[in-house]
Amino acid sequence: MATRDIYETGFDEDVQTNSSTNPCPECDGRVTTNAIETICEDCGLVIDEQRIDHGPEWRTHDQDQRKRTGAPLTAARHDRGLSTEIGRGKDANGNNLSGQKHQRLSRMRREQSRGRFQSKAERNLAHGLGEVRRISGALELSNSVRDQACQLFRSAQNENLLRGRSIEAIAAASVYGACRCNGLSRLVGEVSEMARVVESRVTNAYKTLNEELGLPAKPVSPGKFVPRLALDLECPDAIRQRARTLTEQAEESGRTAGAHPAGFAAACLYKAGEELGYWVTQSDVAETGNVTPTTVRTHHETLEERVA
């Protein structure tokens, strides 16, 4: 029966075949190497396999994403992470540098740091993003929240919101805004404590960002503050579970609308302690929740009237 060539190309085993001068270690036969493995044509012994594929790793539908080199872009750097960093003290092999090379690298590092910023705006952006990274690291936030805060700081600079305001305050407000947009239980006092500005300036900066940029900030539930406050007060698990139940009942009845979430959570912990005999003072829970004892007392009266 006659045969004909149906396929224009064969399988990978049939292409890029090269003969080797080294004989087969088993039968001294002829050894050939293709794109995948090295085999003996006489006995069929596979001498080597899984060679490095030097072809492209993308597929047909990945034409818009054909990238092979460079680190991924990040919003946490003013240049998206594309600049070069010159090391200190050692070369690529880990060997110590000589004094002459060390001085040369120091001069190169100085000139490279000067050339990284093309304008005053880029220098301010680098300083602000550095503050955002520092505050996010101190608060142990995830990389996604950190990148959102960095992008928020970029938007604030593009809208000229930094004029007349502190860069540190806008950076701290960006971190707090990213936490609010993701529904994280972070207080302004916690963020300002890690920043280099007072709480009032962070609050004013956040109000400016919220008004000018229209942040999709989510209301934080008081129940999210209960675990952190209970941990700081070293309350037993029974107190924490009872406080969570009180917050859930108050939310279902609509009594948490307009209330300070951390203050309401502190009041629930105080009431749960009263019910279960764990005596904690109002001043202690107020200090942990960064509110006044009057706020705790007011929410405690609401719990006494509506929840209990």
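1. In this predicted model, helix 8 and helix 9 meet through a defined set of residues. On the side of helix 8 these are Ala238, Ile239, Arg242, Ala243, Leu246, Thr247 and Ala250. Their counterparts in helix 9 are Phe264, Cys268, Leu269, Lys271, Ala272, Gly273, Glu275 and Leu276.

2. Sorted by class, the residues in the contact of helix 8 with helix 9 comprise 10 nonpolar, 2 polar and 3 charged.

3. Two packed helices are described by the angle between their axes and the distance between the axes. Here, helix 8 spans residues 237–252 and helix 9 spans residues 261–276. Their axes come within 8 Å and cross at roughly 125 degrees. The crossing of helix 8 past helix 9 is right-handed.

4. How many disulfides does the model contain? The count is 0, where a disulfide requires cysteine sulfur atoms within 2.5 Å. For cysteine 27, the nearest cysteine sulfur belongs to cysteine 43 and is 3.5 Å away, and cysteine 27 is in no disulfide. With a relative accessibility of 35%, cysteine 27 counts as partly exposed.

5. Cysteine 181 is likewise in no disulfide. The nearest cysteine sulfur to it, that of cysteine 179, lies 9.3 Å away. Is cysteine 181 buried or exposed? Its relative accessible area is 17%, so cysteine 181 is buried, the cut-off being under 20%.

Key:
Residues numbered from 1 in each chain as written. Predicted model: local features only at pLDDT ≥ 70, side-chain atom pairs only at ≥ 80, totals over all residues. Heavy atoms only, no water. Buried < 20%, exposed > 50% of the residue type's maximum accessible area, 1.4 Å probe, protein only. Axes fitted to C-alpha atoms, helices over the stretch in contact; angles between N-to-C directions. Helix = DSSP H or I, 4+ residues; strand = E, 2+ residues; numbered from the N terminus. Left-handed = near helix turned anticlockwise from the far one by under 90°. Contact = heavy atoms within 4.5 Å. Nonpolar A, V, L, I, M, F, W, Y, C, P; charged D, E, K, R; others polar.
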